[in-house]
Amino acid sequence: MAEVRLVDIEKKYGNFLAVPKQSLTIHDGEFLVLLGPSGCGKTTTMRMIAGLEDITSGDIMIKGERINDKPPKDRDIAMVFQNYGLYPHMTVRQNIEYPLKLRGMPKADRKDRVRETAEKVELDALLERRPSELSGGQRQRVALARAIVRTPSIFLMDEPLSNLDAKLRVTMRAELKHLHHELGVTTVYVTHDQMEAMTLANRVAVMREGKIVQLDTPKKIYAEPADLFVAGFIGSPSMNLIDGAVKDGVFRADGVEVPVDLADHDGVVLGIRPEELDITQDPGAAISGKLYALELTGESTLVTLRNGPSSVCARGHADFEADIDSPCHLAPKEGARIHLFDRATGERLL
Amino acid sequence: MRKTLSYLAERALLVLISIVVLFPIAWMFLTAFKQPRDAYSLSLNFEPTLQNFVTVFSDPWNLGSMVMNSVIVATVTVAIAVPCAALAAYSFSRFRVKGRKFLFFLILSTQFIPAVVIVLPFFLMFRQLDMLDTRFALIIVNLAIVTPFVIWMIKGFIDAIPTDSEEAAMIDGASRLRVIKDIVMPMAAPGIMTSSIFCFILTWNEFLFALILSRRDAVTLPVGLVSFRTERGDLWELMSAAGVMITVPIFIMALFIQKHFTRGMTAGAVK
Ligand SMILES: Nc1ncnc2c1ncn2[C@@H]1O[C@H](COP(=O)(O)OP(=O)(O)O)[C@@H](O)[C@H]1O
Ligand SMILES: [Mg+2]
């Protein structure tokens, strides 16, 4: 177990700034998720912690010790690589066993450990195969098993579930969460899937173009996105973002009129989550338009209405039914959170 | 119609080239089994004999000691050159050191120097060191010749291996040397095998330096062939028998390379 501190770290590839100067502390035993779109520097950040990538400037501290110059093998970490990095000339069993062998575990113990771990990721039937004889999802599970077979001070996981089918992804997610609960090992987890981030993390660091734009608990990030980017990135379906302006204490856009507590301001984006909107028959409701689409998800129905260029989505009752193109009205629920952002800067206004 | 025509033309050309290339070799094999009186005859109708092989291994030819020299020189050269070259190739492939490209070019450039230019300095050097006519001298010279070539060859194979597995091993707790031993070498094995055989063939066939630097004790097979040009004329049937001795090992190795050349070991490492 260990605390990881990144102090003013920066990474440049030649002239390209992949990760601008910033600091981040990952607490002892924490499950921290780096979340962001593809190419935003998540893998780079993780590789710097692992020691696979030189840092251009700054310090990395593990357990209070500066480890910038320590080779990866002395950092006591285990890592799942985004593209697996399996040992193609070894069987699945040998792949999983290799870290134990390197750390000098006796042969008999190794055998038990490998079997237990393989069962956890449902690989026990494939132990004698080679990676080339496995599907993508199976390879990913070998990579995962190889990382969790040992109990290191830090787990680094780079999109470890991205190639699994939906069902296995959900079970593996629970498995990882339980594993973290059981071992309490500090974990840094990279994903571009906000659902994974929300379900797994103690804290989420949302990244954009290499920069951490918000670092907080999933709950807080969901309830109070720091800016327009985070607001649009977190949540599924994503937050409704409506372009308009505030005048005399009212936000106005086509078919939208919401009283807000903000001074006059042009170029405002109003954000409200679909689950915080009610469908009403009241023609004086805050949002009006024509019904555009109905999508039944099982436990609820997603109702999309349109007015001019803007469309707004609400999560309604599973039984909700209406004709497409019929007039439709939405009103914020009692106590609903209304977010206001500056269009130009993306900054949060309210 | 056109397709079959071009197909036939292609075949005909292949056959023609094969004949041109293989004819001298086939003729050598035939001659090796001929009696001296048949050696100059073009007729295929002769009484085959194994006597030539017996003769070349006995006095005064003593091909046995030359076989021994060739085997020792080639084997030791491979045994030293390939591991060194593999490490050098790995470094050139993986470490981003300043001046790396220039250094690599420098090593390769040794291959552009014609051997005749440096054979005399080598001769003087070994005479000074009192190492003329020793296998040791031949091994050193051959190392100088083949190592750059083998570095270049193995680097190509290592470049083709993705680094992901190596990085995984380093995180799993392996030192750099351990990574090379456990991960890189097994993955590069087909390439290293191929390079070793190339290296062996180059050394086995090396003529110029062996000719200049050996006299009696360290004579290798290719040089030994020259001794069949005597004052009694060229002893073609003996020379051919010795030629067969030189070619057969190379043939076997070439077959081996062909079988393993294209087989890679990297499948399944990454997505
Ligand atoms: N070895 C490299 N050389 C140059 N640019 C790189 C290298 N590795 C990554 N990058 C760049 O750095 C940025 C961040 O990459 P990465 O960390 O892999 O993103 P992510 O994992 O979030 O998808 C990308 O724009 C990528 O093109
Ligand atoms: Mg990545």
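Student: Is A:C328 buried or exposed?
Tutor: In this predicted model, A:C328 has a relative accessibility of 5% and counts as buried.

Student: Which cysteine sulfur is closest to the sulfur of A:C328?
Tutor: That of A:C313, at 11 Å, which is too far for a bond.

Student: And what about B:C199, buried or exposed?
Tutor: B:C199 is buried, at 0% relative accessibility. The closest cysteine sulfur to its own belongs to B:C84, 11 Å away, again too far for a bond.

Student: How many disulfides are there over all chains?
Tutor: The search of the whole structure finds 0. The sulfur of B:C199, for instance, cannot be counted in one because its closest cysteine sulfur lies 11 Å away, whereas a disulfide requires the two sulfur atoms to be within 2.5 Å.

Student: Which helix pairing does B:C199 take part in?
Tutor: B:C199 belongs to helix 8 of chain B and contributes to its contact with helix 3 of chain B. Other contributors include B:F200 and B:W204 from helix 8, and B:V78 and B:Y90 from helix 3.

Student: At what angle do helix 3 and helix 8 of chain B pack?
Tutor: The angle is about 140 degrees, and the axes are 8 Å apart. The two helices are therefore oblique to each other, and their crossing is right-handed.

Student: Changing topic: which protein donors does the magnesium ion have?
Tutor: They are A:T43, through OG1, and A:Q82, through OE1, at 1.9 to 2.4 Å from the ion (ligand 2).

Student: Where do A:T43 and A:Q82 sit in chain A?
Tutor: A:T43 is in helix 1, and A:Q82 is in the loop between strand 6 and helix 2, 39 residues apart. A:T43 is partly exposed at 25% relative accessible area, and A:Q82 is partly exposed at 26%.

Definitions and conventions: Residues are numbered from 1 along each chain as its sequence is written. Chains are lettered from A and ligands numbered from 1 in the order in which they are written. This is a predicted model: local features need pLDDT of at least 70, side-chain atom pairs count only at pLDDT 80 or more; totals for chains, interfaces and linings use all residues. Side-chain values use heavy atoms; hydrogens and water are left out. Donors are N, O and S atoms within 2.8 Å of the metal (3.2 Å for Na, K and Ca); water is not among the atoms, so sites may look incomplete. Helices (H or I, at least four residues) and strands (E, at least two) are DSSP runs, numbered from the N terminus. Buried means under 20% relative accessible area, exposed over 50%, partly exposed in between (1.4 Å probe, protein chains only). Axes are lines fitted to C-alpha atoms, for helices over the stretch in contact, and angles run from 0 to 180 degrees between N-to-C directions. Angles under 35 degrees count as roughly parallel, over 145 as roughly antiparallel, 65 to 115 as roughly perpendicular and the rest as oblique. A crossing is left-handed if the near helix is turned anticlockwise from the far one by less than a right angle, and right-handed if clockwise. Contact means heavy atoms within 4.5 Å.
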